[in-house]
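Reader: I am new to this structure. Please walk me through how to read it, one feature at a time.

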Amino acid sequence: MARPTMAQDIERRIKELILERGLGPGDPLPTEAELMELFSAGRVSVREALKALQAMNVVEIRRGFGTFVGSLSLSPFAEGLAFRAAVRHRQGEPGLLELMKVREALETGLVGAVTAGVPAGDLAVLRGLVATMESEAAQGGRVARATDRAFHLALYASLDNHLLSEVLDAFWAAMDRVREDVDDGHQDPAVTCAQHHEIVEAVAAADGVRAVRAMRTHFDGIRGRLDPQSVSA
């Protein structure tokens with residue numbers, strides 16, 4: 001294994017500093033000069049480390065104001081997934097289908113837990129989003145991806161797991177990014193609305209088996225467009 005560079009070592013130490021000081025997003029970090037002194041490192045190595053951490057949303061460099069703990073969002077993870085899938089697709093490999101299968105595994109594995117006790121407010125939000133889908137389908141002939149995305153995020157809100165929400169959204173964002181370059185077709189909007197309506201009603205009925213079945217049916221439609229051979233198999 002290659003020995004880490006000075007900049008990579010500083011990256012590690014800055015992350016350790018954030019943990020040791022109990023810092024969170026938006027909190028100020030030591031100045032560049034202070035980091036140089038703290039780590040006995042040169043300006044070039046410190047700047048290289050900070051730029052690498054900024055690319056991962058670990059730090060945020062605000063010109064003229066200083067360096068702060070970043071948002072720690074998973075957007076670089078999503079972008080990496082999207083780029084990987086796009087490269088594989090252009091090589092004739094099922095990159096987008098692989099992303100879809102991971103999302104399906106996550107959502108079908110979680111939707112049953114949602115049925116254990118979804119708040120009335122969450123159900124109202126979900127039903128409102130289905131109504132929006134129906135309106136979009138009637139007016140434009142297509143359900144907006146943003147509405148579909150909002151539905152799937154709202155569906156798991158009752159689990160109160162911020163990391164889960166970010167991971168699910170990262171996979172969604174990655175799929176959406178690749179689909180801008182790949183024409184995967186579009187499902188009949190009436191079918192899309194009906195599938196989401198069935199998911200909501202299964203959750204409202206606290207029927208875990210029905211909810212999982214409804215979610216699998218939803219993903220079957222996506223799979224059929226990405227991999228037509230799977231439908232005829």
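Predicted model: local features only at pLDDT ≥ 70, side-chain atom pairs only at ≥ 80, totals over all residues.

Reader: Is A113 buried, exposed or partly exposed, and what decides that?

Author: Relative accessible area decides: buried means under 20%, exposed over 50%, and partly exposed in between (1.4 Å probe, protein chains only). A113 has 41% relative accessibility, so A113 counts as partly exposed.

Reader: How far apart are A113 and A154 in sequence and in space?

Author: They are 41 residues apart in sequence. From C-alpha to C-alpha, A113 and A154 are 14 Å apart.

Reader: Now aromatic rings. How is a pair described?

Author: By the distance of the ring centres and the angle of the planes. Rings of Phe, Tyr and Trp (its six-membered ring) pair if their centres lie within 6.5 Å; planes under 30 degrees apart count as stacked, over 60 as edge-to-face and the rest as tilted. This structure holds one such pair. The ring centres of F77 and F171 are 5.9 Å apart with planes at 85°, so the pair is edge-to-face.

Reader: Which parts does the pair tie together?

Author: F77 lies in helix α4 (residues 75-90) and F171 in helix α8 (residues 162-179), so the pair ties together parts 94 residues apart in sequence. F77 is partly exposed, at 37% relative accessibility. F171 is buried, with a relative accessible area of 9%.

Reader: How do I read helix packing? What about α7 and α9?

Author: Helix α7 (residues 145-155) and helix α9 (residues 189-204) pack at about 15°, with axes 12 Å apart. That makes α7 roughly parallel to α9. Angles under 35 degrees count as roughly parallel, over 145 as roughly antiparallel, 65 to 115 as roughly perpendicular and the rest as oblique.

Reader: Which residues make that contact?

Author: Contact means heavy atoms within 4.5 Å. From α7 come D148, F151, H152 and L155, and from α9 come H196, I199, V200 and V203. By class, the contact has five nonpolar, two polar and one charged residues. Ala, Val, Leu, Ile, Met, Phe, Trp, Tyr, Cys and Pro count as nonpolar, Asp, Glu, Lys and Arg as charged, and the others, Gly among them, as polar.

Reader: How do α6 and α9 pack?

Author: Helix α6 (residues 120-140) and α9 pack at about 170°, with axes 9 Å apart. That makes α6 roughly antiparallel to α9. Residues in this contact include L123, L126 and V130 of α6 and C193, H197 and V200 of α9. The contact divides into ten nonpolar, two polar and three charged residues.

Reader: Where is L123, and what does L123 touch?

Author: L123 is in helix α6. L123 counts as buried, at 11% relative accessibility. Leaving aside neighbours within four places in sequence, L123 contacts V118, V200, V203 and A204. The C-alpha atoms of L123 and L72 are separated by 30 Å, and these residues are 51 apart along the chain.

Reader: And how do α9 and α10 meet?

Author: The axes of α9 and helix α10 (residues 208-226) come within 8 Å and cross at roughly 165°. The two are therefore roughly antiparallel to each other. Among the residues that meet are Q195, H196 and I199 in α9 and R210, A214 and H218 in α10. This contact holds five nonpolar, four polar and three charged residues.

Reader: Last, backbone angles. What is phi of S40 and of N57?

Author: Phi of S40 is near 50°, a positive value in a residue other than glycine. S40 lies in the loop between α2 (32-39) and α3 (43-55). S40 is exposed, at 64% relative accessibility. Phi of N57 is near 65°, also positive in a residue other than glycine. N57 is in the loop between α3 and β1 (59-62). N57 is buried, at 18% relative accessibility.

Terms used:
Residues numbered from 1 in each chain as written. Heavy atoms only, no water. Axes fitted to C-alpha atoms, helices over the stretch in contact; angles between N-to-C directions. Helix = DSSP H or I, 4+ residues; strand = E, 2+ residues; numbered from the N terminus.
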